[in-house]
Amino acid sequence: MDQWIKLANKALEGESIANDEALSILECPDEDILLLMHASFQIRKRYYGKKVKLNIIVNAKSGLCPENCGYCSQSSISNAPIDTYKMVDKETLLKGAKRANDLNVGTYCIVASGRGPSNKEIDHVVTAVKEIKATYGMKICACLGLLKPEQALRLKEAGVDRYNHNINTSEKNHSNITTSHTYDDRVNTVEMVKNAGMSPCSGIIVGMKESKQDIVDMANSLKLLDADSIPVNFLHAIDGTPLEGVNELNPMYCLKVLALFRFVNPTKEIRISGGREVNLRSLQPFGLYAANSIFVGDYLTTSGQEGTEDHKMLVDLGFEVECVEEMKANIAAGK
């Protein structure tokens, strides 16, 4: 039996993937990539069939961030020429929700830059979320930075289903990426989200000069955190940031990373996120044999591909978009 199928069966039987096995996925010979993705799909198919979850972002507050994250164009140390603005008005958030609904997108993500939200910003988001839930009933994910316990509870009470706070990199590599907050700050926020009753979403950025072991450690850390949704971002290096010009990735390696996260976190939503267009390039469709979720449209300060192209890709693959009504039924069932 093929080694990757054996490893997939191990994951399907609920056994943990050993460190050397995880590293072997990242070191898979390029000529065996189809065998690896086929094995990944056996796991994906067990838990998600051929369904794909769609997500869309609204950049609710841009720039003006005091943090020093080396990958981010919105950070205090970035010279990237981006739009900067304070929290957008409620009508803009509602307009974004309508667009998400029109595109049959299951999860609407409200994202704001900054270390963490002020209570006034929480008030604003809470008001908008209540109206969006009443109008469309869609799943809402918020990503507002480090939270206080009472803020997390308010978001939950307003109807926020999921909260995103990425670990971004391994604990070992964290200080190479940012020093204005700690790795534990990020982990504690994810735990706080869980305690408030929201679904935890936490992911990574690959391509920031980390080692293969760092990537394995990230996958295992998210397993330990029990993140329900894991966005896998691939660095899209932006001019004017400390990581300007870094270009470590290639499409084959990106596929191996997606496979690794599926093997280590077999039951979780694995989402192909920022940078997929410039890093996976023509191999984007293969990524969905491991992942079961994608962002459509633009990201925060970088452009994505046209939503119509994403839908064409899914049709060509024979995959099905999880429809909004199905998503609502899943929410009602606590899935």
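Tutor: What follows is a discussion of several helices and a few individual residues in this predicted model.

Student: On to H2, then. How is H2 oriented relative to H10?
Tutor: The axes of H2 and helix H10 (residues 251–264) come within 8 Å and cross at roughly 150°. That crossing makes H2 roughly antiparallel to H10.

Student: Which residues meet there?
Tutor: On the H2 side they are Ala22, Ile25 and Leu26. Their partners in H10 are Tyr253, Lys256, Val257, Ala259, Leu260 and Phe263.

Student: And at what angle do H2 and H9 pack?
Tutor: Helix H2 (residues 19–26) and helix H9 (residues 212–225) pack at an angle of about 120°, and their axes are 10 Å apart. The two helices are therefore oblique to each other. The crossing of H2 past H9 is right-handed. Asn19, Ala22, Leu23 and Leu26 of H2 make the contact, together with Lys212, Gln213, Ile215 and Val216 of H9.

Student: Changing topic: how far does H4 reach from its first C-alpha to its last?
Tutor: Helix H4 (residues 90–102) has 13 residues and reaches 18 Å, close to the 18 Å expected at 1.5 Å a residue.

Student: Which residues of H4 are buried?
Tutor: Leu93, Leu94, Gly96, Ala97 and Ala100 are buried. Viewed down the axis of H4, the buried residues fall within an arc of 155°, so they line one face of the helix. Glu91, Lys95 and Asp102, on the other side of H4, are exposed.

Student: What does the buried face of H4 pack against?
Tutor: The buried residues of H4 pack against strand S1 (51–61), strand S2 (107–112) and helix H5 (119–136).

Student: What comes after H4?
Tutor: H4 is followed by Asn104, which is found in the loop between H4 and S2. Phi of Asn104 is near 65°, a positive value in a residue other than glycine. With a relative accessible area of 27%, Asn104 is partly exposed.

Student: What about Lys209: where does it lie, and what is its phi?
Tutor: Lys209 lies in the loop between strand S6 (204–206) and H9. Lys209 has a positive phi of about 65°, although it is not a glycine. Its relative accessibility is 56%, and Lys209 therefore counts as exposed.

Student: How far apart in space are Lys209 and Asn247?
Tutor: Their C-alpha atoms are 9.3 Å apart, while the two residues are 38 residues apart in sequence. Asn247 lies in the loop between strand S7 (229–234) and H10, and Asn247 is exposed, with a relative accessible area of 62%.

Student: One last residue. Is His174 buried or exposed?
Tutor: His174 counts as buried because its relative accessibility is 5%. His174 is found in helix H7 (residues 174–177). Leaving aside neighbours within four places in sequence, His174 is in contact with Thr169, His181, Thr182, Tyr183 and Arg186.

Notes: Residues numbered from 1 in each chain as written. Predicted model: local features only at pLDDT ≥ 70, side-chain atom pairs only at ≥ 80, totals over all residues. Heavy atoms only, no water. Helix = DSSP H or I, 4+ residues; strand = E, 2+ residues; numbered from the N terminus. Buried < 20%, exposed > 50% of the residue type's maximum accessible area, 1.4 Å probe, protein only. Contact = heavy atoms within 4.5 Å. Expected span 1.5 Å × (residues − 1). Arc of directions from axis to C-beta. Axes fitted to C-alpha atoms, helices over the stretch in contact; angles between N-to-C directions. Parallel < 35°, antiparallel > 145°, perpendicular 65-115°, else oblique. Left-handed = near helix turned anticlockwise from the far one by under 90°.
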